[in-house]
Amino acid sequence: MSDDHYSLSAKVFHSIREDILSGKYQANEELKEKTIGQEMGVSRTPVREALRQLELEGLVRIIPNKGAFVEGVTLKDIKDIYEIRTLLEGLCAKWATDNITREQLEELDETVFLSDFHFSKENWDQILELDNRFHEIVYEACGSKELTRVLRDYHHYLQRIRKITLEQKERARASIDEHRMIADALKERNAVVAEESAKLHIRNTIANMDKIGWENLMK
């Protein structure tokens, strides 16, 4: 198959995945190849391939002779991801201490500085974007494409919930301060403190969601 075909399939895959994770498609809702193809202006073939790939990710359930249905991300999935992230984010920060560049350290400082500014203005969308960028820089700096891939996927899966939590003033303030701790540890090349600071960041996020109520976050 041509590169254009694979590129088209990838675009369809990412579009459907985003719609599932954003809540456009609800759990158990049927994903009709023909309807999606018409909406996206493509044939049913790339849609079918995208649905098969989404099934491998656990976001779609394909039932023979019936169709494809949204599996989505369940409450248990969310809790599991956060527990796993506690370990993996720590490992990522630990590895990043050996690999992070001066330019990346400067960009981390800039994201924290800008986060402080937008917090003072209560610009929650910008804070979420800067939070995404902060984590992405650390992922890029860890030196492991496999760890980066897993953490990026997890981060993306949690986008909707992270948006809710970072719109809470108290949690947004704490999150920015925790980012500063991680950035400082990386700047000092202190692997132990970087790892523990990254773990603490996720543990505090979990504690905050315990306070809110996990079920409320899934509404």
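A cavity is a set of grid points where a 1.4 Å probe fits but cannot get out, and its lining residues have an atom within 4 Å of a point. The exercises below apply this to a predicted model.

**Exercise 1.** Find which element gives the most to the lining of the second largest cavity.

Solution. 
Step 1. List the lining: E89, F134, H135, V138, I182, A198 and H201.
Step 2. Look for elements with two or more residues in this list; they are α6 and α10.
Step 3. Pick the main contributor: α6, with three residues.
Step 4. Sort the lining by class, which gives four nonpolar, two polar and one charged.

**Exercise 2.** Describe the largest cavity by its volume and its lining.

Solution. 
Step 1. Search the whole structure for cavities of 30 Å³ or more; there are three.
Step 2. Take the largest, with a volume of about 110 Å³.
Step 3. Its lining has 13 residues, and D131, R162, S175, H201 and T205 lie nearest the centre.
Step 4. Assign the lining to helices: α4 (75-99), α6 (124-141), α8 (159-166), α9 (169-187) and α10 (191-212) supply at least two residues each.
Step 5. By class, the lining holds three nonpolar, six polar and four charged residues.

**Exercise 3.** Work out how helix α5 is oriented against α9.

Solution. 
Step 1. Two packed helices are described by the angle between their axes and the distance between the axes.
Step 2. For α5 (residues 102-121) and α9, the angle is about 160 degrees and the axes are 10 Å apart.
Step 3. Angles over 145 degrees count as roughly antiparallel, so α5 is roughly antiparallel to α9.
Step 4. The crossing of these two helices is left-handed.
Step 5. Name the residues in contact. From α5, they include L105, L108, V112 and F119, and from α9, A172, I176, A183 and L186 are among them.
Step 6. Counted by class, this contact of α5 with α9 has eight nonpolar, two polar and six charged residues.

**Exercise 4.** Work out how α6 is oriented against α9.

Solution. 
Step 1. The axes of α6 and α9 come within 12 Å and cross at roughly 25 degrees.
Step 2. Angles under 35 degrees count as roughly parallel, and therefore α6 and α9 are roughly parallel.
Step 3. The crossing of α6 and α9 is left-handed.
Step 4. On the α6 side, W124, D131, F134, H135 and V138 make the contact; they meet K169, A172, S175, H179, I182, A183 and L186 of α9.
Step 5. The contact of α6 with α9 comprises seven nonpolar, three polar and two charged residues.

Technical notes. Residues are numbered from 1 along each chain as its sequence is written. This is a predicted model: local features need pLDDT of at least 70, side-chain atom pairs count only at pLDDT 80 or more; totals for chains, interfaces and linings use all residues. Side-chain values use heavy atoms; hydrogens and water are left out. On a 1 Å grid over the protein atoms alone, a cavity is a set of points where a 1.4 Å probe fits but cannot get out, and a pocket is an open set with protein on both sides within 12 Å along at least five of seven lines; lining residues have an atom within 4 Å of a point. Grid points are joined across faces, edges and corners, and a volume is the space filled by probe spheres set on the points. Helices (H or I, at least four residues) and strands (E, at least two) are DSSP runs, numbered from the N terminus. Ala, Val, Leu, Ile, Met, Phe, Trp, Tyr, Cys and Pro count as nonpolar, Asp, Glu, Lys and Arg as charged, and the others, Gly among them, as polar. Axes are lines fitted to C-alpha atoms, for helices over the stretch in contact, and angles run from 0 to 180 degrees between N-to-C directions. Angles under 35 degrees count as roughly parallel, over 145 as roughly antiparallel, 65 to 115 as roughly perpendicular and the rest as oblique. A crossing is left-handed if the near helix is turned anticlockwise from the far one by less than a right angle, and right-handed if clockwise. Contact means heavy atoms within 4.5 Å.
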